[in-house]
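Here is my notebook from an afternoon of looking things up. Follow along with the structure open beside you.

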Amino acid sequence: MGERVFLVHGWSVRSTATYQALHLQLARHGYRLEDVHLGRYVSLDDRIEIAEIAQAMHEELQRHMGAPPWPGPFHILTHSTGALVAKHWIVHHYAGRFLQGQPLGNVVFLAGPHFGSRLAHHGRSMLAHAAYFGPTGRRVLTALELGSTFSWESNEEWLDPDHWRRKGIRPFCLAGDRVKRHPFRARILPAGYEPGSDMVVRVPSANLNFRRFTLDGVRGAIRPAGAIEDVPFAALAEFVHSGKRHGLMNSITRSADPARHESLRLILRCLAVGSETAYRLARRELAAAHEATRARRPAFAQLDLRFRSPDGKPITDYSFALGELVKGRERASPAIAHTHKNEDEPGHFTVYLDMRRFHPDRTYTMAISADSGTDLYRYLPAPYRVEVQGSQLDDLVAADRTTQLDVVLGKDLARSLFVFHRGDDPRLHVSWDRSGELTDEGDEPR
């Protein structure tokens, strides 16, 4: 038996034709056709979640692979939302006896929305329901929304190398970086014509390399909380998310020549890796392809913020401001290209940054504050402000990557929130208003 490859599609797909001729191309380049498996799963049911799809995938893999130990090596190639399914499966199911011998080798993520998609928010609309004549997979789209809880939890799991690196898995990320020109449609749905994306997924969101920091509101400092730095990644300038002409996967035809079709060439290159030495070489090759794209397309970055109190409760009334100092005066930075407050988790906020707007010789400021809605306590620091030189900005936000900033704000309680009075206090019967301030009249206890 040869090396098996399992393909996992994205959201809203209802036909294996979405894979086009990729399976035939794999057969032309060393894989037996019977060892290439085209996955299909339900994504448009509003009651289904990513976790349940991943569990169903695990049960289907057992039907094809048999009882463990599984023969290897085998590989997984995903497109779009399939990346979230595969990542969840790797963490929660590819373990124990199924991990024996580490049979899973390469995992290739094509346009994976590791940090969400701006279009997911629109996918839950009434218009989307009409377009799909019914359910749109609301729970899947909730996981796909920018700044979702699923995104934070999934990527926190991947910060732990025990969940993937120490399982012998070699991940790769490929994305498109092309937006078709259509001024009229771009005005109607700007989310689908956003520079720095493939018209569905932003380049920084498709990159599994990311950093996480914690803003410690008690100590008033930002400290590192983990990072993934070395997953091979490339954004390709000729490709969009889907479509027969320029789709990252859909444009692969029977007659496509890997020498002329960059996406096909790099997919084959990634799947062929069989050692750590070959993995390092592939990382350099993808980096070179990415640099070629950067020579033609501008770079963007993404900043995901999560606001919460020390006890983990969400903070929803907050303020984020990015400024720059120009000739001694502070002004709003034009680097912010888009912001998004998560619909289901309003304590989660995503900022999309145009890296062209940053200048290495300027000083940039970031100010964060929150309103408790009461005089009885306030959030600290109030506000938190940091200054960063433009030349050092990469320490916090990097081009083509997402930075997650976990903002944990402390609480400064008002003295009047709880007070003990001595029994010999001449004001033995005192009363107070809702803010804790003393009043002239006393009340009977209730």
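**Ground rules.** I call two strands paired if DSSP finds at least two bridges between them. Helices (H or I, at least four residues) and strands (E, at least two) are DSSP runs, numbered from the N terminus. This is a predicted model, in which local features need pLDDT of at least 70 and side-chain atom pairs count only at pLDDT 80 or more, while totals for chains, interfaces and linings use all residues. Residues are numbered from 1 along each chain as its sequence is written, and side-chain values use heavy atoms, with hydrogens and water left out.

**Entry one: the sheet.** I looked up Leu 303 and found it opposite Val 351 in β13. Strand β9 (residues 300-308) pairs with β13 in the antiparallel sense, over seven bridges. I then checked β12 (residues 336-341), which is also antiparallel to β13 (residues 348-354), over five bridges. There, His 338 has Tyr 352 as its bridge partner, and a hairpin of six residues joins β12 to β13.

Next I wrote down the strand order of this open sheet of six: β7-β6-β17-β9-β13-β12, with mixed pairing. Strands β7 (221-228) and β12 stand at the edges with a single partner strand each, so one side of each has no neighbour in the sheet. On average, neighbouring strands are turned by 20 degrees against each other, direction ignored.

**Entry two: two helices.** How are α2 and α3 oriented to each other? I found α2 (residues 50-65) and α3 (residues 82-92) packed at about 70 degrees, with axes 8 Å apart. Axes are lines fitted to C-alpha atoms, for helices over the stretch in contact, and angles run from 0 to 180 degrees between N-to-C directions. The two helices are therefore roughly perpendicular, a term for angles of 65 to 115 degrees.

The contact (heavy atoms within 4.5 Å) includes Met 57 and Leu 61 of α2 and Val 85 and Trp 89 of α3.

A salt bridge is a side-chain nitrogen of Lys or Arg within 4 Å of a carboxyl oxygen of Asp or Glu. The structure holds 29 of these salt bridges. I picked Arg 178 with Glu 238, whose closest N and O atoms are 3.0 Å apart. Arg 178 lies in the loop between β5 and α8, and Glu 238 in the loop between β8 and α10, so the pair ties together parts 60 residues apart in sequence.

Definitions and conventions
Angles under 35 degrees count as roughly parallel, over 145 as roughly antiparallel, 65 to 115 as roughly perpendicular and the rest as oblique.
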